[in-house]
Amino acid sequence: MEKIAFCILLLPLLSALVTLLFMRRKGNVASLLSVATSGGILFFALILILGSGVEDFAWDTTWFKIAEWELRFGFLVDGPARLLLFVVAFVGCLIHIFSLGYMSDDLAKSRYFGGLSIFMFSMLGITLADNLIMIFIFWELVGFSSYLLIAHYFSSKEAAQASKKAFIANRIGDFGFLIGIVLTFWTFGTVNLVELSDLAEFDPELLSTILCLALACGFIGKSAQFPLHVWLPDAMAGPTPVSALIHAATMVAAGIFLLVRIDFLFTNEASNLLAVLGASMGLYAGFCALVQRDIKKILAYSTLSQLGYMAAAFGMGVPGIALFHLMTHAFFKALMFLGSGSVIHACHHEQDIFNYGGLRKKMPFTGITFLVGVLAISGVNFLSGYFSKDAILLVAYNLNPPVFVILYLGAILTALYMFRLYFITFEGMPRSSDADAARESPSIMTIPLLILAVFSIFGGYHSLYPQSIAGVIIDDLEFAAQLPNHLWMIVLGTFAWLAGGLGAKYLYFDSKRTDPLESKAPSFFKLCSSKLFFDEIYGFYIQRIQDPFARFLEVLELLLISGLLVKGSAGVAGMMALISKACYVGRIHAYGFWFVVGTLGFLFYASGFLGN
Amino acid sequence: MNFDQIILLGSIFIPALASIVLFLEICKSDKIAKKIAYFSFGFPFISGILLFLRFDNSLEGYDFVVLFSRTGLQELNIHFHLGLNGISSPLFAMAGIVGMGAGITAIHSGVDRLRLYLALLLFMQSGLMGLFASIDLFFYYLFHEFALIPTFIMIGIWGSRDRKSIALELTIYLTLGALVSLGGLIALNVLVDAPNFDFPSLSRAVSELGMESSVQSNIFGLLLFGFGILVALFPFHTWAPRGYDAAPTSVSMLHAGVLKKFGLYGLIQIASPLLPDGAMFWSPLLLWLALGNVLFVGLVAVSQSNLKSMIGYGSVMHMGYCFLGIAVCSSLGAGSAVMLMVAHGLSVSLMFMLAHNLYTRTGTFEMDDMGGMASKTPLLACFFIAATLATIGLPGFGNFWGEFGVFLSLGEQTQHRLFLFLAALGIIISAIFGLRAVAKIFFGSASEAHSSRKKNNQISDLSFFEMIPAGIILASLLFLGLWPVVVSQRVDREIQTRFESQDRTYFSQTTPPCCPPEQESLDLNSSLPSKEKFLSNPEY
C-alpha cells in the first residue's frame, strides 16, 4: 500500500525534475509528460482509494531527528484523505488535459507544466501526510508552486506583484500555523494526527482556543479568508487553468481539509468564531463579486464566498458536509473556470465581461456547460450544489440562526452575481469585435468541460460514489437529514436561486457596455467596488509604516551602531593615545618628578599607609 | 595511517601546498595555475563528502583521528590533533562544497593577478578545512587565523570602492573578536588545569573538577562576545554587510558561508556544553540580542536597494536563528543551529555567487537598475529563485530543518514563547525582502538604465562554468532538504551526549520537586510530552 502512495507522491516530482533538467526547450514533450503523469496519478489514486476500502491505512518512517524532535515521514489514508485524493487527482487530470489546448501557443510551456507537476506533488503531499509538520512542509510547497504559476506571465507588472503578494500573505498565515504546530508539539508531545486525536479524546483539558486558532491561521492564509483574503483575486493574473486547479478546486480548499484533519482540537469558541468568519466571508465576497468586470475576478470572489460556506459548515460541527461542499465546489468551480478559460482563449485574452456578449451562439458547448456550472453553484434543485449547500443552510437554520441569515443572503447573492456573469457573457449581442469573432474551442478543451458538467449535475448524489470516498460525508449528511424543517428549507433554497436568477435577468439581460447597477444604485455600487478598502489599508501599512520603519532602522543602525559605537570607540582609542602622548613631554625634570611621585606612592603602599 | 586519515590530511595540506606553489610563482602560466587550483579545490570537496559518508555513526566521539605529538609545542601540551565528530563532519563537508563553488567562481572570474588571488583563496580554504577538523584548541584557533588573514588582504587588493577603510574596520572587528574569544579559551584551559589543549580532555577535566557558576558565566561571557563579534551578533554586526559588499565574490562566499560558522561552532562544540551554568546565565541577554539579529537586521535588509548588501544583511539575520538555538540551552536548539549552519553556509554562498553572475551581466548591484531579467536569463532566474527560497526557509531546501527546529526549541519553555512569537515573524520579513528582490530583478519589464545597457551588449544566460558550482551547491541544499536524516542522525548523536547535562538541568527545573506522586503525572504537562503520560496510564 505504501508503495502505491509513494508512486502517487513521487510521480509528479519525478516529472517536474525531468522537465527541469532535460526538457526546458521541449515544451510539447514536457506537456505530454505532465499530462501522462496526471493520468498516472489518477490511476494510482483510484487503486489506493478502491483498494483500501473503508479501512484507514497508515505507514511511516523516520525523516529527521534531532533530540526530542523526531519527524516521521508517513501516510495516513483515511476518509477525508481519500475524498481529497479523488478530487485532486480527478480534477487535476482534467485540468492538465485542458491546459494542453489552452497553453498550446505559450512559449514557456515546459515551465508551466513543470510548475503544475510540482503543484500536484505538494498538494498530494498535504493529502497523504500523517502529521502536522509534514502538512506544513507541503503547505509551504503548494504556496511556492502557486507563486511560480501566478508569476507565469512574469513580464507583466501585475503578475509580478500578485505572485509576491500571494506568497507573503500565505507566509503570514503560515506564521500562525507554525506557532500552532510548535505549541501542539509541546502540549501533546506529538504532531501525528492519529495520536493527537487519541490524546485529545483522552484528555480534553489539553485543548485550548489559542492553540486551535493559531493552527487555523494556516487555513486563513491558504483559503484566503478574512483578513488575508486580498491575495486570491490578484492571483488571477496567472494562467486560467492554474486558477481553476489551484485557486479554486484544490489548493485553497486545502485549508478546509486542514481544519477537518484537526477538528478534534477545536474548542467551541474557536468553532463558533470560524462559523461567523466563514459566513461573513460568504456574504462579503458576494458583494465584491457583484460589481467586478473581470470574468476571472468574479469567479475568484465567488470562490472566496464558497470557501466561507465550507468554513461555516466546519464551524457548526459538520466537517463531513464541509468536505462534501469542497468536492461539489471543486467540480462546478473548475468547470466554470475552465469555461472562462475557453472564453478567454476564444476572445484573445479579453477578460472584461462587458466586452463579451452573445457567446452562447458562438460557442454553444462552452456556453451550456458554463450554464450548468452556474445552476449548480446557485443551488438549483437536484444539481450537485443544491445538496451540499442546502445541507449547510439546513444545519445553520437549525443550529445557528444568525449564521443562517448571513449564509442565506449570501446564497441569494450567489445566484445574482453568477447569473449576471452568465447573462452578460453568453446572452445578448456581442459587444466587441473579439467576441464577434469568437469560435468554439478545440475538443481537447471542451471534453474536460463536458466531464465536469456531468459531475456538476450528478456529483451531489453521494450514493453514486464508492463507500471509500463517500464514507466520510455520510455521517454528517444523515445528521442533517434528521434535522427538522426540511421542507421549509427546500422552499427557501428554491426561492434563493429563483430570486437571484430573476433579479439578474431583470437587471442585466441585454445590457450595454456599462454596468447597469452603476447607474441604478451608484452609492451601493461604489461601496461594493471599494471592497471595504482592504487593499488600500494594507498598501498604506506597507508604504507608510513598514517601509519607512525599515528605513528608520537603517538610519538608526548607521547613526548609533556604525557611527556612535564603532567610530566612537575608535575615537576613545584615539583620545587615549593623545593622553598618553601628552605624558611623553621629553623634559628630564618632568620624568624625574613622576619617578619620585611613583616611588613615594609605592613606599606608602608597601608600608601599609594606604590601608591594608 | 589509513585511507581516511590520509584524505583528511590531504584536504587541509593540498590546498596549502598549492597555495605556496602558486605564491612562489613556480609556475608562470595561468593555465597550469588553474589546473592546480581545480585539483586543490576539488580534493577537499571530494574528501569532505567521502569522509561525511564514511563517518562511523556508531562510534562515540571522534572518527578519523590523526595525532602528531612532536610538533615542537608538546612542551606546552599542544598537539596536532585532527578528527571529525558528528557536529564537525557535516560542516567539514559543507566547507569543501562551498570551497569548490568559490574556487570555480574564482578560477573563471578573470581577475587581475589571478595566481596571487588563487593562492590566497587556497590558503583560506586550507584554513577552513583545518578549522573544522581540529580537535586541539590551539590549531582550531590557528586555522581560523589562517583563513581570516587572506580575507583582509584580498579585500584590500581586489575589493570594491572604499575597500581600504572597510578592510581596516573588518580587521579591527574580527581581530578584536578573535582576541576576546582567545582570552576565553585560555582562561578555560588554565582554570580547569587540563592536561592538554584538546576538546575531549577539556571536557573530561571540567566534568571531573566542576566549575563554579560565577566563573563559568565570566568565561562564557568572554567566549560569547568574542565569538559573537565573529558571527555578527547584533549589535556587533555592522562589519558584515559592509565587508561582504566590498569583498570579491569568492571571499564573500567563503567568509559568509564557512568562516563565519567558526564562532557558532566554538559556542556549540565548546562553550555551551562545558559551561552550562554560564550559558544559562547569558541566555536571557543572548535571546534579546539574537532577536535583534532577526527583527532589526531583518528589517534593515528590507530597506536595502543594493543586492549585495541585502544578501549580507539577510545572512546576518539568519545568524540570529543560530544564536536563538544556542540561547535556549537544549540539545534540540543546538542541534537545529548546527543544521541551520550547514544549510546557511550553502545557501548564502550560492546567493553571493548568483549576485556576482548578475553583476557580470548588468554591471550593477542596484536592484532598481535591473528588471525583467527572467526573459533574458531563464536559468539564472531559476537558480536565483531557488536560492532565495532556500534562504527564506522553504521546505525542500536544507534551511527549513534548522529554522523549524529552532522555533520548536523556543516553544519548549513557557518563558521562551514570547521569543518564539517574535522570532517567527522573521519568516515573513525574509519572505518580503527575498521576493521583493526576485520581483525587482527578474520580473516585470526592464528598467530604463538596464534596457539602454542591454542594447549595447547582449546578455547571455549562465555559462557552463557558472552553472556547475551553482548546481553543486543547489543540489546539496536539495539533498539536505529532502533527505535530512543522513545529516541529522550524525548531529543528533553527538549533540545529545554534549548537551546531556543541560537537558537535565532544564528537566529538573521544570519538574516541581514537591508534588505528591500521584499528582505529579498530571502536573508534568509543560515538561514531559504527554504522549508518554498517555501511554503510561494503565487505564487507557
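Biologist: How many residues does the contact take from chain B and from chain A?

Modeller: This is a predicted model. The two chains touch each other, and both give residues to the contact. The counts are 55 residues from chain B and 48 residues from chain A.

Biologist: Which helix gives the most to the side of chain B that touches chain A?

Modeller: Several helices of chain B each supply at least two residues of that side, including H12 (276–302), H14 (331–362) and H21 (485–498). Helix H18 (417–442) of chain B is also one of them. With 12 residues, the helix that gives the most is H18(B).

Biologist: Why are H6(A) and H8(A) roughly antiparallel to each other?

Modeller: Two packed helices are described by the angle between their axes and the distance between the axes. Helix H6 (residues 157–188) and helix H8 (residues 209–222) of chain A have axes 7 Å apart and pack at an angle of about 150 degrees. An angle over 145 degrees counts as roughly antiparallel. H6(A) and H8(A) are therefore roughly antiparallel.

Biologist: How many nonpolar, polar and charged residues has the contact of H6(A) with H8(A)?

Modeller: On the H6(A) side, the residues include A:Ile172, A:Gly176, A:Phe177 and A:Leu183. On the H8(A) side they include A:Leu211, A:Leu215, A:Gly218 and A:Lys222. By class, the contact has 10 nonpolar, 8 polar and 2 charged residues.

Biologist: At roughly what angle do H5 and H6 of chain B cross?

Modeller: Helix H5 (residues 137–158) and helix H6 (residues 163–192) of chain B have axes that come within 9 Å. H5(B) and H6(B) are roughly antiparallel, because their angle is over 145 degrees. Their axes cross at roughly 175 degrees.

Biologist: How do the residues of the contact of H5(B) with H6(B) divide by class?

Modeller: Among the residues of H5(B) in this contact are B:Leu148, B:Phe152 and B:Ile155. H6(B) brings residues including B:Leu170, B:Leu174 and B:Arg163. The contact divides into 12 nonpolar, 4 polar and 3 charged.

Biologist: Which residue in the hairpin of E1(A) and E2(A) takes a positive phi?

Modeller: Strands E1 (residues 57–66) and E2 (residues 69–77) of chain A run antiparallel and are joined by 9 bridges. A:Ile66 has A:Trp69 as its bridge partner in E2(A), and the hairpin has 2 residues between the strands. A positive phi near 50 degrees, in a residue other than glycine, belongs to A:Ala67.

Biologist: Where does A:Pro227 lie?

Modeller: The peptide bond that joins A:Phe226 and A:Pro227 is cis, with omega about 0 degrees. A:Pro227 lies in the loop between H8 and helix H9 (231–234) of chain A.

Biologist: Which peptide bond in chain B is cis, with omega near 0 degrees?

Modeller: Its proline lies in the loop between helix H8 (213–230) and helix H9 (239–246) of chain B. The bond runs from B:Phe234 to B:Pro235.

Methods: Residues numbered from 1 in each chain as written. Chains lettered and ligands numbered in written order. Predicted model: local features only at pLDDT ≥ 70, side-chain atom pairs only at ≥ 80, totals over all residues. Axes fitted to C-alpha atoms, helices over the stretch in contact; angles between N-to-C directions. Helix = DSSP H or I, 4+ residues; strand = E, 2+ residues; numbered from the N terminus. Parallel < 35°, antiparallel > 145°, perpendicular 65-115°, else oblique. Contact = placed C-beta atoms within 7 Å. Nonpolar A, V, L, I, M, F, W, Y, C, P; charged D, E, K, R; others polar. Pairing = 2+ DSSP bridges.
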